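Subject: A structure for you to look at

Hello,

Here is the structure I promised to pass on to you.

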Number of protein chains: 2
Amino acid sequence: MKSVVLIGAGNLATQLGLRFKEVGVAIEQVYSRSVDSAKKLADLLSAEFTTETRNIFSADIYIIALADKAFHSVLENIDFKNALILHTAGSISLTELKSYSSNYGVFYPLQTFSKERKVEFETIPICVEANSEENLNEIKKLAQLCSKDVREINSEQRKSLHLAAIFCCNFVNHMYHLSAEVTETHAVDFNILRPLIKETVAKIDLMHPKDAQTGPAVRYDENIMDKHLAQLEDEKLMKELYAKLSKSINYYQNK
Amino acid sequence: MKSVVLIGAGNLATQLGLRFKEVGVAIEQVYSRSVDSAKKLADLLSAEFTTETRNIFSADIYIIALADKAFHSVLENIDFKNALILHTAGSISLTELKSYSSNYGVFYPLQTFSKERKVEFETIPICVEANSEENLNEIKKLAQLCSKDVREINSEQRKSLHLAAIFCCNFVNHMYHLSAEVTETHAVDFNILRPLIKETVAKIDLMHPKDAQTGPAVRYDENIMDKHLAQLEDEKLMKELYAKLSKSINYYQNK
């Protein structure tokens, strides 16, 4: 059995660690700068933990699940001794690992992870890439234990996917958040919107989003749009977004 | 049996007409300025049709399903003879009907409708309002034939719901559209994003959207956001939206 160390203890590290445990891949140690996060995840995984890079164990495989901004500053301080190191980020190129080991690759699960929410991991697309055929095979084996959907995706494609994911996940979720802001401000029940939210997503299983679009912006119904902008008079940022999103709908629907 | 005339033949009129037919409420006539739309819907409903307001039949109930911008200009030309008239719009106040009849109300199904897509009508919240108790009861009876979820919602609440619906439906769908633009431009398969899209919406069944948020904007990871903005160099509008949406995430998550 290969020994595995997990560098990071955030949302992705947590759900990935739990999936590894579930499929019988033991994590030996968890590293995080935050003692609380490191300890909490290590407990869940029956692993050791450390907050000091110098105390990181020797291992066969290192999984890097760090925020981009911490990525290089943490890795610079670890001696990987040419073990296989995998990063899990959408926006970091494969080659950014090459100064740390001669064996490296990418293991990018395309999903939104929160610490407390268990996800159905076997349906998550895992995008893999490596610096050699041998390492690619090793990564694929690991990925196939976790998911039925393992795909070879190069760094350029992965960058595009990550950008696309921001729109269809983070920005979509933010639209739900703004929608909830509106209902909460006016004391109406957000739950009344749930059938609409469900239908909006169900439609794009069968139609291109362009063909699924409805509402005032696509009809260019200025009457309604002006009323809505007036309703948002006290919410400057939301008002600007409403105007820009309507403009964008108009542009991309007619492109 | 009350006689019913449908004013309008767009997405909502089509799906509402089909639902009426399904539950045994016959539409006698369909009016639309477009002969194609009028005829097509009339055929589906085994109804008559007209494109001239002066040829609209006398009826007990008129259902108005017009775009806001056409609303008054069409209604001004119809003699309703004090029949019960119902509009179906999110953003129009009840009282905007009062010059056309002394019996009026609102029948607003809170859903996104496309002509070609059949919806599960019995779960759609129908927001009702009327100028008298008697008319309200009449509208409720009609609504309860169509859906299990009929709610009394006043004009102010309905206006807020309609605005909230733009965010969680039209703008969400536009985010899917932009996401598809990114994948299509870079020749990656949009379908790989489907598990992410499904999980994003499934999360808010259990968590407030604020707690469900993930990604670079909520972590304020400028590294990633700058990379994404650079990737969008040639798509000015999308780049502006990315920046503004990230700013908005940051603002509303910390509000």
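**What I found: the sheet in chain A**

Helix 4 (residues 133-146) of chain A lies across strand 4, strand 5, strand 6, strand 7 (126-130) and strand 8 of chain A, and runs at about 165° to strand 7 of chain A. Please keep in mind as you look that this is a predicted model.

What sort of sheet do the strands of chain A form, and in what order? The sheet is open, with 8 strands in the order 3-2-1-4-5-6-7-8, and the pairing is mixed. At its edges you will find strand 3 (48-50) and strand 8 (150-152) of chain A, each of which pairs on one side only. On average, neighbouring strands of this sheet are turned by 25° against each other, if direction is ignored.

Now turn to chain B. Its 8 strands form an open sheet in the order 3-2-1-4-5-6-7-8, with mixed pairing. Why is one side of strand 3 (48-50) and of strand 8 (150-152) of chain B left without a neighbour in the sheet? These strands stand at the edges and each has a single partner strand, so one side of each has no neighbour there. In this sheet, neighbouring strands are turned by 25° against each other on average, direction ignored.

Strand 1 (residues 4-7) and strand 4 (residues 61-64) of chain B pair in the parallel sense over 4 bridges. Here B:Val5 has B:Tyr62 as its bridge partner in strand 4 of chain B. Helix 2 (residues 35-45) of chain B lies across strand 1, strand 2 (27-31) and strand 3 of chain B, at about 170° to strand 3. Helix 4 (residues 133-146) of chain B packs on the sheet too, and strand 5 (84-87) and strand 6 (103-109) of chain B are among the strands it touches.

**Where the chains meet**

How many residues of each chain are in contact with the other chain? There are 100 in chain B and 100 in chain A. The two chains bury about 9800 Å² between them, with 65% of it on carbon and sulfur atoms.

Side chains of opposite charge can pair when their charged atoms come close. Across this interface there are 18 salt bridges. One of them joins A:Glu96 and B:Lys227, whose closest N and O atoms are 3.9 Å apart. There are also 48 residue pairs in polar contact between chain B and chain A.

Which helix of chain B gives the most to the side that touches chain A? That is helix 5 of chain B, with 27 residues. The residues on this side of chain B divide into 50 nonpolar, 27 polar and 23 charged.

**Salt bridges overall**

Over all chains, the whole structure has 46 salt bridges. Among them is the pair A:Lys40 and A:Glu116, with the closest N and O atoms 3.4 Å apart. This pair links distant parts of the chain, 76 residues apart: A:Lys40 is in helix 2 (residues 35-45) of chain A, and A:Glu116 is in the loop between strand 6 and strand 7 of chain A.

Enjoy exploring!

Note on methods. Residues numbered from 1 in each chain as written. Chains lettered and ligands numbered in written order. Predicted model: local features only at pLDDT ≥ 70, side-chain atom pairs only at ≥ 80, totals over all residues. Heavy atoms only, no water. Pairing = 2+ DSSP bridges. Helix = DSSP H or I, 4+ residues; strand = E, 2+ residues; numbered from the N terminus. Axes fitted to C-alpha atoms, helices over the stretch in contact; angles between N-to-C directions. Contact = heavy atoms within 4.5 Å. Buried area = accessible area lost by both parts, 1.4 Å probe. Salt bridge = Lys/Arg side-chain N within 4 Å of Asp/Glu carboxyl O. Polar contact = N/O pair within 3.5 Å; in protein donor to acceptor, adjacent residues only side chain to side chain. Nonpolar A, V, L, I, M, F, W, Y, C, P; charged D, E, K, R; others polar.
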